[in-house]
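Hi there,

Here is the structure I promised to pass along.

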Amino acid sequence: MQTCQILGSGHAVPERILTNADLEQMVDTNDEWIVERSGIRQRHIAEPGSSLSDLASAAVNRALKRADTRAEDIDLIIVGTVTGDMKFPAMACLLQEKIGAKKAAAFDISAACSGFLYGLHLARSLMQTCPYQRVLVVAAEMLSSMVNWEDRNTCVLFGDGAGAVVLGPAEGECGILSTTIHSDGHYSKLLYNPAGSQHVLSAEDIASNYATINMQGREVFRHAVASMTGALNEALVQAGLRAADLDFVIPHQANLRIIEAIAKRFKVPHEKLIVNVERFGNTSAASIPIALDEALQNGTINKGDVVGLTTFGAGLTWAASIIRI
Ligand code: UT7
């Protein structure tokens with residue numbers, strides 16, 4: 001059932017670009033390996049000490065403008081992030097203050113790279129049961145703040161960024177046609193950051209990069225392809241559509257090989273696949289709304305197009321959605 005549609009979108013990334021050549025100076029890696037294994041050529045990295053809620057505000061203000069919506073009219077703000085400005089309060093509350101969305105309820109969700117599609121799922125469900133007219137779904141990450149810059153297995157993969165959509169009631173054929181979300185905590189140790197209440201950080205922990213991203217890349221890769229394929233299939237069935245009905249597919253931008261594996265499973269030709277991982281790296285929850293916004297702004301995706309979104313991340317979590325723009 002379509003209850004809501006995307007009225008406008010926006011994204012923002014930090015100015016500073018870190019290229020593969022820059023990384024060659026930092027760890028034992030090279031451009032050829034990074035491009036061949038991940039497809040990534042550069043990523044945007046925030047200046048240390050900068051605020052993710054500022055970056056998210058920039059994305060949201062663009063989305064509000066395109067949706068012709070005033071911040072004061074927003075009823076609800078959902079932010080997907082695992083790298084909010086502070087442990088608490090929620091980044092959604094900091095964002096609410098920065099954009100001036102005075103009447104909105106605001107909260108964060110922690111679903112790692114699946115944060116945006118978890119947010120869409122929640123927003124869609126809440127718009128069915130609550131009298132919300134305008135909902136902001138935001139996904140913003142500054143993974144550079146928790147990357148171990150001495151670990152070549154992970155530091156070459158991630159970038160910072162933010163994306164946002166404004167949702168309003170569906171009109172006509174347009175809208176979010178389906179959403180599906182899943183989790184499996186059994187695999188939590190495949191991708192995690194151990195910093196938390198169970199282990200109060202000492203000076204030695206900080207010096208030894210304890211509180212950073214740990215990942216078993218090859219295992220994560222395997223789960224990613226299977227989960228993203230399964231979720232997209234499920235979202236298609238819910239929407240009563242087949243893969244051939246999709247005008248575009250936007251997979252989570254983690255690795256070009258994962259994206260191509262998904263495209264192969266669904267027989268998605270090159271021109272229907274939205275890819276920007278080479279320029280942004282893996283921006284976690286922000287990757288899908290950044291790619292969606294770019295494709296909308298450059299005219300690749302247009303009104304009436306049916307788009308399949310599918311993602312995967314730490315948790316493990318995975319999710320998919322079908323939307324008609
Ligand atoms: O958002 C969801 C989160 N994450 C993901 O989706 C990531 C999923 N996984 C991946 O994208 C891939 O597994 C990676 C890109 C992380 C790694 O590619 P891979 O083909 O699975 O490589 P590997 O981990 O099996 O490593 C192969 C070799 C190893 O050397 P040995 O043991 O074969 O001698 C690594 O030490 O490549 C080495 N290696 C590197 N070499 C140069 C690992 N990182 C690097 C590097 N530069 N940056």
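This is a predicted model: local features need pLDDT of at least 70, side-chain atom pairs count only at pLDDT 80 or more; totals for chains, interfaces and linings use all residues.

Residues are numbered from 1 along each chain as its sequence is written, and side-chain values use heavy atoms, with hydrogens and water left out.

Back to E294, which sits in helix α11. (Helices are DSSP runs of H or I with at least four residues, strands are runs of E with at least two, and both are numbered from the N terminus.) With a relative accessible area of 18%, E294 is buried; buried means under 20%, exposed over 50% and partly exposed in between, using a 1.4 Å probe and protein chains only. Its side chain makes a polar contact of 2.8 Å with that of R279. (A polar contact is a pair of N or O atoms within 3.5 Å; within protein, one must be able to donate a hydrogen and the other to accept it, and residues adjacent in sequence count only if both atoms are side-chain atoms.)

Helix α11 (residues 287–297) itself lies across β11, β12 and β13, at about 145 degrees to β11. Such angles run from 0 to 180 degrees between N-to-C directions, with axes fitted to C-alpha atoms, for helices over the stretch in contact. Those strands belong to an open sheet of 4 strands in the order β8-β13-β12-β11, with mixed pairing; two strands pair if DSSP finds at least two bridges between them. β8 (175–183) and β11 (248–251) are the edge strands, each with a single partner, so one side of each has no neighbour in the sheet. From one strand to the next, the twist averages 10 degrees. β12 and β13 pair in the antiparallel sense over 8 bridges. Helix α5 (residues 115–129) also packs on the sheet, touching β8, β12 and β13, and its direction makes about 120 degrees with that of β8.

The largest nonpolar core has 43 residues, and I213, L232, F312 and I322 have the most contacts inside it. (Such a core is a set of buried Ala, Val, Leu, Ile, Met, Phe, Trp, Tyr and Cys residues joined through side-chain atoms within 4.5 Å.) At least two residues of this core come from each of α8 (217–239), α9 (256–265), β12 (306–313) and β13 (317–324), and α8 gives the most, with 8 residues. Domain 1 (4–172) and domain 2 (177–324) both contribute residues, so this core lies between them; the domain bounds come from an automatic or database assignment. Apart from it lies another core, of 32 residues, among them L117, V135, L292 and I301.

Finally, some backbone details. Cis peptide bonds join F88 to P89, with omega about 5 degrees, and G315 to L316, with omega about -10 degrees. P89 is in the loop between β4 and α4, and L316 is in the loop between β12 and β13. D68 has a positive phi near 50 degrees without being a glycine, and is exposed at 73% relative accessibility.

Best wishes

Technical notes: Contact means heavy atoms within 4.5 Å.
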